[in-house]
Each structure stands twice: as structure tokens, then as C-alpha cells.
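This report describes one protein model in terms of its nonpolar cores, a sheet and a few selected contacts. Please read it alongside the sequence and coordinates.

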Amino acid sequence: ILGLAIARVRLGRGAVVRFERMGPGDWALRLVSILPLEPSSAVYDDGGVLVGFAKGFVFRADERGRIENVAYIPQDLGRIASIARSGTAYYLGLECGVLKLLPDEHRQEWWSARHGASGRWDPCTDR
């Protein structure tokens, strides 16, 4: 089982950790990879790979410690409530909408919960 940790770890701001079963009811925590940025929400990918978000970066992390940058979003998104994946698209659930990332096409699509329409980014990020 993989998870994300938020803490100062060996010069990092977070980490990918692995929970290993040691016996009935006993678990051990193993450091898999150190993250230079503090992570936010995360979810497993289809292949047992963790998908996370940290300061604008959507990344994938596997249990061998390999970190892959999927996309970078320069806008301040605020709090990321959820992350999902479908095919090659990643969906970030935000406080006021959903951001669909299509990394292979270097494209983003926005749906605003405030306006019920796509493409209205500015009103959502005004806090």
C-alpha cells in the first residue's frame, strides 16, 4: 500500500511511503521516495501507481521510488479536493470546479461549478 506523507523528511517537504504487512495486525512504514514539495490529495492509478499533486505539479509515483511529472499548472488552484484518472486524462476536483488535464496534448479544460460552463477560469480563482 502506497501513501503520501507531509513532513520534513531528509531535506524534503513530503514523501511517498509504503505500508508493509509484517504479520497479523502489524504494519511497518518504509520511505520510498522524498518529495521536494509538500503534497496534497492523491489517488491510486490503475497500475498501482500513486497520483499526487504538489504546488502545481501533478505527478505519478511507483513503489520503486520513481517519480514522473505528468503536468504543471502555473495558476494557483487553491485546495485540491480530489484527483482522478480516465484513460490519458487527469481530473482535479477544486473548490469551484473541475480541471481536466490532457498531458499528451498539452491541454487543459475547465468546468466552473459557479457558472456551469467551461472556460471561465478567472472568476473561480478570485478569492
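The model is predicted.

**Cores**

The largest nonpolar core consists of 16 residues. Phe53, Val58, Ile73, Leu77, Leu92, Leu99 and Leu101 are the members with the most contacts inside this core. At least two core residues come from each of strand 5 (50–54), strand 7 (67–72), strand 8 (80–86), strand 9 (89–94) and strand 10 (97–102). Strand 9 gives the largest share, three residues. In soluble globular proteins, nonpolar side chains tend to be buried together.

Leaving aside residues up to four places away in sequence, leucine 92 touches Phe53, Val58, Ile73, Leu77, Ile80, Ser82, Ile83, Gly97, Val98, Leu99 and Leu101.

An open sheet is formed by four strands in the order 4-5-6-7, with antiparallel pairing. Strand 4 (42–44) and strand 7 are the edge strands; each has a single partner strand, so one side of each has no neighbour in the sheet. With direction ignored, neighbouring strands of the sheet are turned by 25° against each other on average. Three bridges join strand 4 to strand 5 in the antiparallel sense. Opposite tyrosine 44 stands leucine 50 of strand 5.

**Aromatic pair**

There is one aromatic pair in the structure. The ring centres of phenylalanine 57 and tyrosine 72 are 4.7 Å apart and the planes meet at 45°, so the pair is tilted. Phenylalanine 57 belongs to strand 6 and tyrosine 72 to strand 7, so the pair ties together parts 15 residues apart in sequence.

| Residue | Relative accessibility | Class |
|---|---|---|
| Phenylalanine 57 | 32% | partly exposed |
| Tyrosine 72 | 44% | partly exposed |
| Arginine 66 | 51% | exposed |

**Arginine 66**

Arginine 66 sits in the loop between strand 6 (57–61) and strand 7. Why does arginine 66 count as exposed? Its relative accessible area is 51%, and exposed means over 50%. Not counting residues up to four places away in sequence, arginine 66 touches Arg60 and Ala61. Valine 16 is 50 residues from arginine 66 along the chain, and their C-alpha atoms are separated by 9.9 Å.

Technical notes:
Residues are numbered from 1 along each chain as its sequence is written. This is a predicted model: local features need pLDDT of at least 70, side-chain atom pairs count only at pLDDT 80 or more; totals for chains, interfaces and linings use all residues. Side-chain values use heavy atoms; hydrogens and water are left out. A nonpolar core is a set of buried Ala, Val, Leu, Ile, Met, Phe, Trp, Tyr and Cys residues joined through side-chain atoms within 4.5 Å. Buried means under 20% relative accessible area, exposed over 50%, partly exposed in between (1.4 Å probe, protein chains only). Contact means heavy atoms within 4.5 Å. Two strands pair if DSSP finds at least two bridges between them. Axes are lines fitted to C-alpha atoms, for helices over the stretch in contact, and angles run from 0 to 180 degrees between N-to-C directions. Rings of Phe, Tyr and Trp (its six-membered ring) pair if their centres lie within 6.5 Å; planes under 30 degrees apart count as stacked, over 60 as edge-to-face and the rest as tilted.
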